Amino acid sequence: DTIFPLFLFIAGASFPFSFAKRLAGGASVRSIRLGCLRRGMALFALGLLYEGILRGGVPLRLSSVLARIGLAWTGAALIHTCAWSRSRPWTRWAIGAAILVGYWVLPFSVTAPDHPGAWCLSKEGNVSCWVDRMILFLPDGRLYDNQSTLGLFPAIVTALLGVSAGEIVRREDWSGGRKALVLAGIAAGG
């Protein structure tokens, strides 16, 4: 399923345009960050509303697609606002790479404390599943949630890739052909 990652990518790609517009309008980076946090919290709350109240969810389901979009977009937007210098786009890429490497290494390094001796990649022994069991109030003895809590981290990187693509598209000092070539190269490598 590529719809969800594509949506995150597009949400990320739109952010550099709105960020530049708000900066040009005199907004401070701090106020933009606060706006990002408000938007992320609003999407998270709408996800809770939909998953809980509107669907009659008991117990309330904390993870949802809408919440994931809000949190992932907010994470990418905050990383971008902290490392937005056009002269150093590598900072964002290094942060994204570190997130992905950490997400890859973690399950092999840590097993779930509530199932000692379980294989680290089993549902019982996987640290991501353990985090889900600890904070998501899983019903009926379920061992994990399909919207894994730690799965938020690669979702942030997907939105961050969109932010980088948006920055490339927004560049006025590059020709359209150069932009297309760089974006195609990134797509081919990723």
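**Figure 1. Glycine 70 in helix H3.** With a relative accessibility of 0%, glycine 70 counts as buried, since buried means under 20% relative accessible area. The residue belongs to helix H3 of a predicted model. Apart from neighbours within four places in sequence, glycine 70 contacts Gly40 and Leu43. Phenylalanine 44 is 26 residues from glycine 70 in sequence, and the two C-alpha atoms are 5.8 Å apart in space.

**Figure 2. The protein chain as a whole.** The secondary structure of the chain consists of seven helices and zero strands. In sequence order the pattern reads α-α-α-α-α-α-α. The C-alpha trace spans about 55 × 35 × 30 Å along its principal axes. The chain has 190 residues, of which 37% count as buried. Among contacts with a separation of 6 or more, 55% are between residues 24 or more positions apart.

**Figure 3. Packing of helix H3 against helix H6.** Helix H3 covers residues 65–82 and helix H6 residues 152–170; their axes come within 8 Å and cross at roughly 55°. H3 is therefore oblique to H6. The crossing in which H3 passes H6 is right-handed. On the H3 side the contact is made by Arg68, Leu71, Ala72, Trp73, Gly75, Ala76, Ile79 and His80. On the H6 side these residues meet Leu152, Ala155, Ile156, Ala159, Leu160, Val163 and Glu167. Sorted by class, the contact holds eleven nonpolar, two polar and two charged residues.

**Figure 4. Packing of helix H1 against helix H6.** The axes of H1 and H6 are 6 Å apart, and the helices pack at an angle of about 45°. This angle makes H1 oblique to H6. H1 and H6 form a right-handed crossing. From H1, the residues in the contact are Pro5, Leu8, Phe9, Gly12, Ala13, Phe15, Pro16, Phe17 and Ala20. From H6, they are Ala155, Thr158, Ala159, Leu161, Gly162, Val163, Ala165, Gly166, Glu167, Val169 and Arg170. The contact of H1 with H6 comprises 14 nonpolar, four polar and two charged residues.

**Figure 5. Packing of helix H1 against helix H3.** H1 and H3 pack with their axes 10 Å apart and at an angle of about 40°. At this angle H1 is oblique to H3. H1 passes H3 in a crossing that is right-handed. Phe4, Phe7, Leu8, Ala11, Gly12, Phe15, Pro16 and Phe19 form the H1 side. They meet Val65, Arg68, Ile69, Ala72, Trp73, Ala77, His80 and Thr81 of H3. Twelve nonpolar, three polar and one charged residues make up the contact of H1 with H3.

**Figure 6. The largest nonpolar core.** This core has 21 residues, and those touching the most other members are Phe15, Cys36, Ala72, Trp73 and Ile156. At least two core residues come from each of helix H1 (3–24), helix H2 (29–54), H3 and H6. The largest contribution is that of H6, with seven residues. Phe15 of H1 takes part in the contact with H6 and in the contact with H3.

**Figure 7. Isoleucine 156 and its contacts.** Not counting residues up to four places away in sequence, isoleucine 156 touches Leu71, Ala72, Gly75, Ala76, Ile79 and Ile99.

**Figure 8. Leucine 160 in helix H6.** Leucine 160 is placed in helix H6. Its relative accessibility is 3%, so leucine 160 counts as buried. Setting aside neighbours within four places in sequence, leucine 160 contacts Ala76, Ile79, Arg92 and Gly96. Alanine 45 is 115 residues from leucine 160 along the chain, with 22 Å between the C-alpha atoms.

**Figure 9. Serine 109 in helix H4.** Serine 109 is found in helix H4, which covers residues 90–109. Serine 109 counts as exposed because its relative accessibility is 51%, and exposed means over 50%. Lysine 123 is 14 residues from serine 109 along the chain, and their C-alpha atoms are separated by 15 Å.

Definitions and conventions:
Residues are numbered from 1 along each chain as its sequence is written. This is a predicted model: local features need pLDDT of at least 70, side-chain atom pairs count only at pLDDT 80 or more; totals for chains, interfaces and linings use all residues. Side-chain values use heavy atoms; hydrogens and water are left out. Axes are lines fitted to C-alpha atoms, for helices over the stretch in contact, and angles run from 0 to 180 degrees between N-to-C directions. Helices (H or I, at least four residues) and strands (E, at least two) are DSSP runs, numbered from the N terminus. Angles under 35 degrees count as roughly parallel, over 145 as roughly antiparallel, 65 to 115 as roughly perpendicular and the rest as oblique. A crossing is left-handed if the near helix is turned anticlockwise from the far one by less than a right angle, and right-handed if clockwise. Contact means heavy atoms within 4.5 Å. Ala, Val, Leu, Ile, Met, Phe, Trp, Tyr, Cys and Pro count as nonpolar, Asp, Glu, Lys and Arg as charged, and the others, Gly among them, as polar. A nonpolar core is a set of buried Ala, Val, Leu, Ile, Met, Phe, Trp, Tyr and Cys residues joined through side-chain atoms within 4.5 Å. Buried means under 20% relative accessible area, exposed over 50%, partly exposed in between (1.4 Å probe, protein chains only).
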